[in-house]
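This report covers one protein chain.

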Amino acid sequence: MKLTLKVWRQKNAQDKGRFESYEVSDVSKDMSFLELFDVLNERLINEGKEPIAFDHDCREGICGMCSMYINGRAHGPWDQTTTCQLHMRAYNDGDTIVVEPWRAAAFPVIKDLTVDRTAFDRIIQAGGYISVNTGNAVDANAIPIEKQDADLAFAAAACIGCGACVAACKNSSAMLFTSAKVSQLALLPQGHPERTSRAEDMVMQMDKEGFGSCTNTGACEAECPKGISISNIARLNREFFSAGFTS
């Protein structure tokens, strides 16, 4: 295939930025989207030009590093698929593909398609943990847990922290991410000791980072590559309001 890429180029957070167009030929339908950028970058380097900076790591859909806004959708046209798992068979010969970074004040651009998502790390640091004694690992069956609770906690823990929810939200809200991290611990007995402070501290940190408010549009769940449910947001709201009465 022959494709036209319109890619956002930006030197740093202070640079105004602009779109640049690139023609890419001999694109195999079996290539992943990131492999397309590998081919383009190799050509740019051989031509003595600056390669396009973009985040990537595992390329298996589990690390949450890849973060491209493709033709107006986070991670591209396929549902519940990360950018690295998106393949070129999703496109046709002659297509024009517009690629941008995540757009959010809390995710400042570092360079080109790479954004700073350490705001997520600081939200986790505020309360996304449990206190445990050191020593040998506790037996998996030592604490009985209801099957339904275990399944809900596991589903929430599937969040990879990629930031697609923020990029898709018109308000740049991080409620889906924060609620998933709160839910995976609130549903389990191991997470109960810090349950009250966790909800308050993580929501306070989320607001401090500059993320917007949630207006229940549902775009975050629709674009989440792991299908995290917005029912977690309802659980976070309950945890937060309960904490206000008990803390």
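## Basis and overall make-up

A residue is buried at under 20% relative accessible area, exposed at over 50%, and partly exposed in between (1.4 Å probe, protein chains only). By that rule, 45% of the 247 residues of the protein chain count as buried. This is a predicted model: local features need pLDDT of at least 70, side-chain atom pairs count only at pLDDT 80 or more, and totals for chains, interfaces and linings use all residues. Residues are numbered from 1 along each chain as its sequence is written, and side-chain values use heavy atoms, with hydrogens and water left out.

The chain has eight helices and seven strands. Both are DSSP runs numbered from the N terminus: helices are H or I with at least four residues, strands are E with at least two. The C-alpha trace spans about 60 × 40 × 35 Å along its principal axes. Contact means heavy atoms within 4.5 Å. Among contacts in the chain with a separation of 6 or more, 68% join residues 24 or more positions apart.

## Nonpolar cores

A nonpolar core is a set of buried Ala, Val, Leu, Ile, Met, Phe, Trp, Tyr and Cys residues joined through side-chain atoms within 4.5 Å. The largest one has 33 residues. Trp102, Phe107, Phe120, Val166 and Phe211 touch the most other members. Two or more residues each come from α2, α4 (164-168), α5, α6 (195-208) and α8 (231-246). Helix α5 gives the most, with five residues. Another core lies apart from it, with 27 residues, among them Leu3, Met31, Phe33 and Leu40.

Which residues does phenylalanine 211 contact, leaving aside neighbours within four places in sequence? They are Ala106, Phe107, Ala119, Phe120, Ile123, Val166, Ser172, Ser173, Ala174 and Met206. In soluble globular proteins, nonpolar side chains tend to be buried together.

## Strand pairing around β5

Two strands pair if DSSP finds at least two bridges between them. Strand β1 (residues 3-9) runs parallel to β5 (residues 96-100), with four bridges joining them. Here lysine 6 stands opposite valine 98 in β5.

Strand β3 (residues 69-70) also pairs with β5, in the antiparallel sense, over two bridges. Tyrosine 69 has glutamate 100 of β5 as its bridge partner.

## Pockets

Pockets and cavities are found on a 1 Å grid over the protein atoms alone. A cavity is a set of points where a 1.4 Å probe fits but cannot get out; a pocket is an open set with protein on both sides within 12 Å along at least five of seven lines; lining residues have an atom within 4 Å of a point. Grid points are joined across faces, edges and corners, and a volume is the space filled by probe spheres set on the points. For residue classes, Ala, Val, Leu, Ile, Met, Phe, Trp, Tyr, Cys and Pro count as nonpolar, Asp, Glu, Lys and Arg as charged, and the others, Gly among them, as polar.

The largest pocket holds about 280 Å³. Its lining includes Ile130, Val132, Asn133, Asp139, Ile145 and Gln190. By class, that lining has eight nonpolar, three polar and one charged residue. The second largest pocket has a volume of about 210 Å³. Of its 15 lining residues, Gly64, Met65, Arg117, Asp121 and Gly161 lie nearest the centre. Helices α2 (118-127) and α5 (175-186) each supply at least two. The largest share, three residues, comes from α2. This lining has seven nonpolar, three polar and five charged residues.

## The cavity

How many cavities of 30 Å³ or more are there? The count is one. Cys159, Cys162, Cys165, Cys224 and Pro225 lie nearest its centre, out of 14 lining residues. Helices α4 and α5 each supply at least two of the lining residues. The lining divides into 11 nonpolar, two polar and one charged.

## Two helix residues

Methionine 202 lies in helix α6. Is methionine 202 buried or exposed? Methionine 202 counts as buried because its relative accessibility is 0%. Beyond four places in sequence, methionine 202 touches Ile123, Ile124, Ala126, Gly127, Gly128, Thr178, Lys181 and Val182.

Alanine 157 lies in helix α3 (residues 147-157). With a relative accessible area of 39%, alanine 157 is partly exposed. The C-alpha atoms of alanine 157 and lysine 181 are separated by 6.8 Å, with the two residues 24 apart along the chain.
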